[in-house]
Structure formats: structure tokens, C-alpha cells
Amino acid sequence: MKWEVFRQEKKKDYHTHVGNVHAPNAEMAKQYAQIMHARRKPANSLWVVPKEDIEEVHADEQGIEMGGTTQKAYRWATNYNTDETFAEEIEDSQREQEQAEKDLAEADK
């Protein structure tokens, strides 16, 4: 039985596909995945999934729309004209966002 392996290098990272293993059951698949895909490279966790249980949605299928086709510029404050009273609030919000990103980056170290 073929199992697909996804590895997360650090907490809060995405799991990315790193390969597959052949094993008769889930326990053996997890052991093989750990040996093959987490022994030499840093890993926080592994997902081991039977290949036949993975479903696919393909962009070429009729009626399927995937990202990149919609305009969402309205979500960003920089795309709106605002008067000075709103500008100060936006700057405060921007500073809070930058501080939160710095705190998150330091927490990941």
C-alpha cells in the first residue's frame, strides 16, 4: 500500500509533500516516514495519508474556479482615500500589525 508523506518543519509552517512510502499498515507507514523524511532534516510533525484516500480537485475540470480570478483590493485600507482623522487610526492599526508580526517572528525562534 502506498502512503503519501507531508512534513512540517516548524510549528505554524504548512505541511508540504515530501514523498511517499510503501507499507502494509498505518503504523509501519509512520515509522518508514519518520526514518525516510524526518531523520536528517528538522521536522515538527508528519502527516501520513493513504494515497487512495486523497481526493483531487483539478483546475481543468469544468465548473471549477481556483484562486487568482477575483479582485479583492477592497480589503486593503491603502486602496481607500481617507481624511486625516482616519489616517491616524490607520497608522495606529499599521503599527499594531507590525508589532504583532515582530512578536510572532520572535516566538518562532
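Let's start with R7. R7 is buried, at 11% relative accessible area. The cut-off for buried is under 20%, so R7 falls inside it. R7 sits in strand β1. Keep in mind that this is a predicted model.

What does the side chain of R7 reach? One of its polar atoms lies 2.7 Å from the backbone oxygen of P42. The contact list for R7, leaving out residues up to four places away in sequence, includes Y14, H15, T16 and V18. It also includes H37, K41, P42 and A43. S45 and L46 are on the list too.

Next, Q8. Q8 is also in strand β1, which covers residues 2-8. Is Q8 buried or exposed? Q8 has 10% relative accessibility, so it counts as buried. The Q8 side chain reaches the backbone oxygen of D13, at 2.9 Å. Beyond four places in sequence, Q8 touches D13, Y14 and H15, and also A43, N44 and S45.

K12 is in the loop between β1 and β2, and β2 is residues 16-22. K12 is exposed, with a relative accessible area of 61%. Look at its backbone. Phi of K12 is near 75°, a positive value, and K12 is not a glycine. Most residues other than glycine have a negative phi.

Back to the start of the chain. M1 is in the segment before β1. M1 is partly exposed, at 45% relative accessible area. Which residues does M1 touch, neighbours up to four places away aside? They are V21, H22, A23, P50 and E52. Now take M1 and E65. They are 64 residues apart in sequence, and their C-alpha atoms are 32 Å apart in space.

One more residue, A38. A38 lies in the loop between α1, residues 26-37, and β3, residues 45-50. Its relative accessible area is 23%, so A38 is partly exposed. Beyond four places in sequence, A38 contacts A33, A43 and L46. From A38 to V18 is 20 residues along the chain, with 9.9 Å between the C-alpha atoms.

Now step back to the whole protein. How many helices and strands are there? There are 2 helices and 3 strands. From the N terminus on, the order is β-β-α-β-α.

Overall dimensions next. The radius of gyration is 22 Å. A compact globule of 109 residues would have a value near 13 Å. The C-alpha atoms fill a box of roughly 65 × 45 × 15 Å along the principal axes.

Burial across the chain: 12% of the 109 residues are buried. R7 is one of the buried residues, and Q8 is another. The exposed surface comes to about 9,600 Å². Carbon and sulfur atoms supply 49% of that surface.

Residues 24 or more positions apart account for 43% of them.

Last item, charge. The protein has 15 positive and 23 negative side chains. How far apart are the centres of the two sets? They lie 12 Å apart.

Methods. Residues numbered from 1 in each chain as written. Predicted model: local features only at pLDDT ≥ 70, side-chain atom pairs only at ≥ 80, totals over all residues. Heavy atoms only, no water. Helix = DSSP H or I, 4+ residues; strand = E, 2+ residues; numbered from the N terminus. Buried < 20%, exposed > 50% of the residue type's maximum accessible area, 1.4 Å probe, protein only. Polar contact = N/O pair within 3.5 Å; in protein donor to acceptor, adjacent residues only side chain to side chain. Contact = heavy atoms within 4.5 Å. Rg over C-alpha atoms; globule rule 2.2 N^0.38 Å. Areas by Shrake-Rupley, 256 points an atom, 1.4 Å probe, with all protein chains shown as cover. Lys, Arg positive; Asp, Glu negative; His and termini not counted. Charge placed at Lys NZ, Arg CZ, Asp CG, Glu CD.
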